[in-house]
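Let's learn to read a protein model together, one feature at a time.

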Amino acid sequence: MHPMSRLQSVDFFRVLAIVAVIAIHTQPFSDGELGDELDASVVANQVARFAVPFFFILAGFFWGRKVEEARGAFAPTISTIKKLAIVFAAWSLIYLLPFNIVAALEHGPLGPVKSVYWNISGALADPVDTLLRGTQYHLWFLPALISSFATASIFVYYRKQSLLALTACLFFVIALLGSSYKTTPLGLAGSFDFTYGPFFSLIFFVTGYFLHIRQPTRLWLPVGVTSAVLGVLLHSLEVYWLNSAWQASLAPAYVLGTYFFGLGIALIALSNRSMFNVGMTSSVGPLVLGIYASHIIFVELLEPLDVLWRGDVLWSVSYVGLVFYLSLLLARQLAKYPRTKILVS
């Protein structure tokens, strides 16, 4: 969701990716616990898993260009981190409010007030977790992205790019062993969530940084398609093996194949082919940050309807569409005013 120069093909895939993120959080076609058995909800969830790696890769790609233009790593990094920190802090405050009013009122007429108090108490009870995740589960992306900016800038400043790549790979292996591969004999024990910080984000960010060195060509499209297809196949085989051999979830956030899946989609987007130049996405693309930040408001607002119609195919599709549309409307409204524009673009 990091701001970037306008490429219509990139905007098209950014919109596609944010819809995928919304699908992950609304869990379409699911009427039970996601990941217990192979069904349409698991397929939808896993197909959408390219989205977050894609956003990290693009952030690294365009950061690399800014570093090159500025002839220094720290100046563009500091300005970007400041903006992301403001966005993170502001939305963390916003999400102290309860948006599922029906659930809040179950605690009586003062239920919404109680919910705010409980949310504040929860945030203060574990300040480290709050700094790494924010006050709503999806906000983890921002501190993870900030950590990648900060880490990469230090290595690049000292011209240790090879060591940066090695560190990113090491973090990625540790994150896999502590999450999707946790149930295997090589798995890492403990309760730490490795989606936090640079463990997963850095490998994708660094990949984007190294991609910026090469000028995109027409070959990026077939290479991207090949990488995405092979990534999906590897991702699927890993998930099947982990589940059948070690009873792991059928809906993990990341496995090794997810890297190639996300890389492939990023290469396709950066190929800048005219077939992906869809006019309407060029106006939506700049607001993807706002859609991302605000969409959980509408996930929670519409949750009472989801409880009624969960598992219904028509509702599953409508839920994703409604959350996207309402988030876009809010982002557009906030973008009109200088004081709130920073929160959405």
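Predicted model: local features only at pLDDT ≥ 70, side-chain atom pairs only at ≥ 80, totals over all residues.

**Reading a model, step by step**

Q: What is the phi of Arg 159?

A: Phi of Arg 159 is near 60 degrees, a positive value in a residue other than glycine.

Q: Is Arg 159 buried or exposed?

A: Exposed means over 50% relative accessible area. Arg 159 has 72% relative accessibility, so it counts as exposed.

Q: Which loop holds Asn 272, and what is its phi?

A: Asn 272 is found in the loop between α12 (256–270) and α13 (279–284). Its phi is positive, about 55 degrees, although Asn 272 is not a glycine.

Q: Why does Asn 272 count as partly exposed?

A: Partly exposed covers values between the buried limit of under 20% and the exposed limit of over 50%. Asn 272 counts as partly exposed because its relative accessibility is 37%.

Q: Let's turn to the inside. Where is Thr 258, and why is it called buried?

A: Thr 258 belongs to helix α12. Buried means under 20% relative accessible area. Thr 258 is called buried because its relative accessible area is 0%.

Q: Which side chain makes a polar contact with the side chain of Thr 258?

A: That partner is His 235: the two side chains make a polar contact at 2.8 Å. Not counting residues up to four places away in sequence, Thr 258 touches Arg 49, Pro 53, Phe 204, His 235 and Ala 253.

Q: Where does Gln 136 lie, and is it buried or exposed?

A: Look in the loop between α7 (127–133) and α8 (141–157) for Gln 136. Gln 136 has a relative accessible area of 9%, so it is buried.

Q: What does Gln 136 touch?

A: Setting aside residues up to four places away in sequence, Gln 136 touches Tyr 95, Ile 296 and Glu 300. With Glu 300 there is also a polar contact, side chain to side chain, at 3.1 Å.

Q: How should I think about a nonpolar core?

A: Here is the general idea: in soluble globular proteins, nonpolar side chains tend to be buried together. In this model, the largest nonpolar core has 103 residues. The members that touch the most other members are Phe 54, Phe 56, Trp 63, Trp 91, Phe 141 and Leu 142. Helix α3 (residues 51–70) gives the most to this core, with twelve residues.

Q: Which residues is Phe 56 in contact with?

A: Leaving aside neighbours within four places in sequence, the contacts of Phe 56 are Trp 140, Phe 141, Ala 144, Leu 145, Ser 201, Phe 204, Phe 205 and Tyr 254.

Q: Now for the open spaces. What is the volume of the largest pocket, and how many residues line it?

A: The volume of the largest pocket is about 720 Å³. Its lining has 32 residues, and those nearest the centre are Arg 49, Trp 140, Asp 193, Thr 195 and Ala 253. The elements that give two or more residues to this lining are α1 (8–26) and α3. Of these, α1 gives the most, with three residues.

Q: How does the lining of the largest pocket divide by class?

A: There are 19 nonpolar, nine polar and four charged residues in the lining of the largest pocket.

Q: What lines the second largest pocket?

A: The second largest pocket holds about 270 Å³ of space. Among the residues lining it are Leu 38, Val 42, His 235, Tyr 240 and Phe 261. Helix α11 (220–246) gives the most to this lining, with five residues. By class, the lining has nine nonpolar, three polar and no charged residues.

Q: How many cavities of 30 Å³ or more are there?

A: A cavity is a space where a probe fits but cannot get out. The count here is one cavity of 30 Å³ or more. The largest cavity has a volume of about 30 Å³, and its lining includes Thr 26, Phe 29, Asp 306, Arg 310 and Trp 315. Helix α16 (residues 313–335) supplies the largest share of that lining, three residues. By class, the lining has four nonpolar, five polar and two charged residues.

Conventions. Residues numbered from 1 in each chain as written. Heavy atoms only, no water. 1 Å grid on protein atoms, 1.4 Å probe; cavity = no way out; pocket = protein on both sides within 12 Å on 5 of 7 lines; lining within 4 Å. Points joined across faces, edges and corners; volume = space filled by probe spheres on them. Helix = DSSP H or I, 4+ residues; strand = E, 2+ residues; numbered from the N terminus. Nonpolar A, V, L, I, M, F, W, Y, C, P; charged D, E, K, R; others polar. Buried < 20%, exposed > 50% of the residue type's maximum accessible area, 1.4 Å probe, protein only. Polar contact = N/O pair within 3.5 Å; in protein donor to acceptor, adjacent residues only side chain to side chain. Contact = heavy atoms within 4.5 Å. Core = buried A, V, L, I, M, F, W, Y, C linked by side-chain atoms within 4.5 Å.
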